[in-house]
There are 2 protein chains.
Amino acid sequence: MAKIKVGIAGYGNLGRGVELALQQNEDMELAGIFTRRDPKSLVPQTPGAKVFALADAPSMQAEIDVMILCGGSATDLPEQGPQLAQYFNTIDSFDTHAKIPQHFAAVDAAAARSGHVAIISVGWDPGLFSLNRLLGEASLPQGASYTFWGRGVSQGHSDAIRRVPGVKDAKQYTVPVQSAIDRIRGGETPAFTTREKHLRECFVVLQPGADAVAVEKTIKEMPNYFADYDTTVHFISEEELRREHAAMPHGGFVIRSGQTGEGTRQVMEFSLKLESNPEFTSSVLVAYARAAYRLAKEGQSGAKTVLDIAPAYLSPKSGEALRAELL
Amino acid sequence: MAKIKVGIAGYGNLGRGVELALQQNEDMELAGIFTRRDPKSLVPQTPGAKVFALADAPSMQAEIDVMILCGGSATDLPEQGPQLAQYFNTIDSFDTHAKIPQHFAAVDAAAARSGHVAIISVGWDPGLFSLNRLLGEASLPQGASYTFWGRGVSQGHSDAIRRVPGVKDAKQYTVPVQSAIDRIRGGETPAFTTREKHLRECFVVLQPGADAVAVEKTIKEMPNYFADYDTTVHFISEEELRREHAAMPHGGFVIRSGQTGEGTRQVMEFSLKLESNPEFTSSVLVAYARAAYRLAKEGQSGAKTVLDIAPAYLSPKSGEALRAELL
């Protein structure tokens, strides 16, 4: 059977993760990596992988079944999502929650017009976590839902620290409060403040001569990012940051605590413990690329999210095999 | 908007659970309870609920949008599934894993012929657990999947003990081995024996004059049910059994431990902690009844499983609301 030909648009952590994930899926193959940089400057991990200029992608529709967009949500995906959905079935990991309706509309317009399937906001949050929030609410209509993130590196918070005067480099970990999780698991449905759900732990390398006290105060009082949290700041050397904090672990928990009948308590929980956030996200993107390919073959088109995809489309197995082996 | 009219076929623990679950879903209403017993002998929990003879169901197609089949998998569902799919969109909780392909084929033939949607094997295992086994395998193709059940009451094992000569009554709890779960959560992918995954804990009321030693030996050596497990037998009074072991708690864990890239460990876990197994299963059945109704409205037909249902169909919310609130 012909393999599903996948293109990668953007070659950062996510693009590199998709490249590795494709090697684990026998029904798929890497058709090409597309970059805004000089294609010759890029060294793929896969021997023989072809690299093209992103600008040339529109001329390669025949070679690509699904294009996985691996750019960032701030500026890349709002532009590339609608643009590439004109030519390809696409998958993206757009994760600016507040702007999802807007992104969906823009991508939907392009994909519907061109007759392609575009699955947006794929990954784990949004993505598998969203799916579990829905399953929780639908299975236990009377109850409360909780999402916790971590322990893991938040890129946005690490960046925010790096912008503080006197900071040379930094890594920020979001840490869920264990006692809060334990209460929910025990069947309680408390209303938590922001501070009660997560801690923030910062590892900071100072510029020579910087004022540690002032830096710590600026971080801890930063609105939105840190002011509403119990924040710990550790000053470490550049060497220690590189040695101990180079990885990108993450994870989290979606918990639904509900009641059925006359006060019967029921708790559902989905959790992830990831040594590499981008590699896991990439792996999920690839599974949804399979779904996009199949839905397009069935004649569907337009933008979709993980909530619109029947799980069977994610697996290379047939319906018969799934029912016999997994159901 | 008109409510979805739901019929309940069979009024045991599951049927009673569905009746309660319907009260938590504002877009649905109980259209009638169908029983093989004398309808007059049945006392519904809902004031004013109508009870009909199951034999009269075929004449009530206009009054029922979805029929939820609440019979048992051993003899009721294999017969009622194909029978009622001739007249109604149906949901069932058929859970004899080995016979699912056969049940699917029989129900599919009837539902396809009559133009109805029939979702089989709905609940948590098969059901939400199956869905998570699929998500695990699709997201982490290189890895191992584990399902643990409990701590919870196994009806089949309790029944097996009750058939032992000298036993008056019994309750059996399936207990997952915590150290096994901890190893998987830590990223290992061990091959477990049956004994290493679950314990079996039995609470037994003896007949007067029965030989406790002989009963314990018979239980512990029972093939398939207990011989492959570390089994504990507690002899208790009838009064204690009634007081301490009347509830039907259950739950369990689906864990996928996989690797991405060059040996990066990633762990996904879905778990349930249920005070009442039948009430939770019922609640899931009702959510899938909503999906069956909508799919039938779209003109779909035939048998389906939870793996074939896009999650959005389970929620009363619109696509717009789901994207804005849950994604």
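Hi everyone, let's start with the rings: A:Trp124, A:Phe129 and A:Phe270 come together as one aromatic cluster. Rings of Phe, Tyr and Trp (its six-membered ring) pair here if their centres lie within 6.5 Å; planes under 30 degrees apart count as stacked, over 60 as edge-to-face and the rest as tilted.

Some housekeeping. This is a predicted model, where local features need pLDDT of at least 70 and side-chain atom pairs count only at pLDDT 80 or more, while totals for chains, interfaces and linings use all residues. Residues are numbered from 1 along each chain as its sequence is written, chains are lettered from A and ligands numbered from 1 in the order in which they are written, and side-chain values use heavy atoms, leaving out hydrogens and water.

Back to the rings. Searching the whole structure gives 13 aromatic pairs over all chains. In one of them, the ring centres of A:Tyr173 and A:Phe203 are 5.6 Å apart with the planes at 90°, so this pair is edge-to-face. It links distant parts of the chain, with A:Tyr173 in strand E9 (residues 167-176) of chain A and A:Phe203 in strand E10 (residues 198-206) of chain A, 30 residues apart. Strands (E, at least two residues) and helices (H or I, at least four) are DSSP runs, numbered from the N terminus. Both A:Tyr173 and A:Phe203 are buried, meaning under 20% relative accessible area, with exposed over 50% and partly exposed in between (1.4 Å probe, protein chains only).

Next, charges over rings, which require NZ of Lys or CZ of Arg within 6 Å of the ring centre and within 35 degrees of the ring normal. A:Lys197 sits over the face of A:Phe148, 5.0 Å from the ring centre, and A:Arg200 over the face of A:Tyr229, at 4.1 Å.

Now a buried residue in a helix: A:Gln80 belongs to helix H2 of chain A, and its relative accessible area of 7% makes it buried. Leaving aside residues up to four places away in sequence, A:Gln80 touches A:Arg36, A:Leu54, A:Leu69 and A:Ala85, where contact means heavy atoms within 4.5 Å.

Finally, the two chains. A rotation of 180° with 0.0 Å of shift along its axis superposes chain A on chain B, with an RMSD of 0.1 Å. That is the relation of a two-fold axis.

Methods
Least-squares fit on C-alpha atoms with pLDDT ≥ 70 in both.
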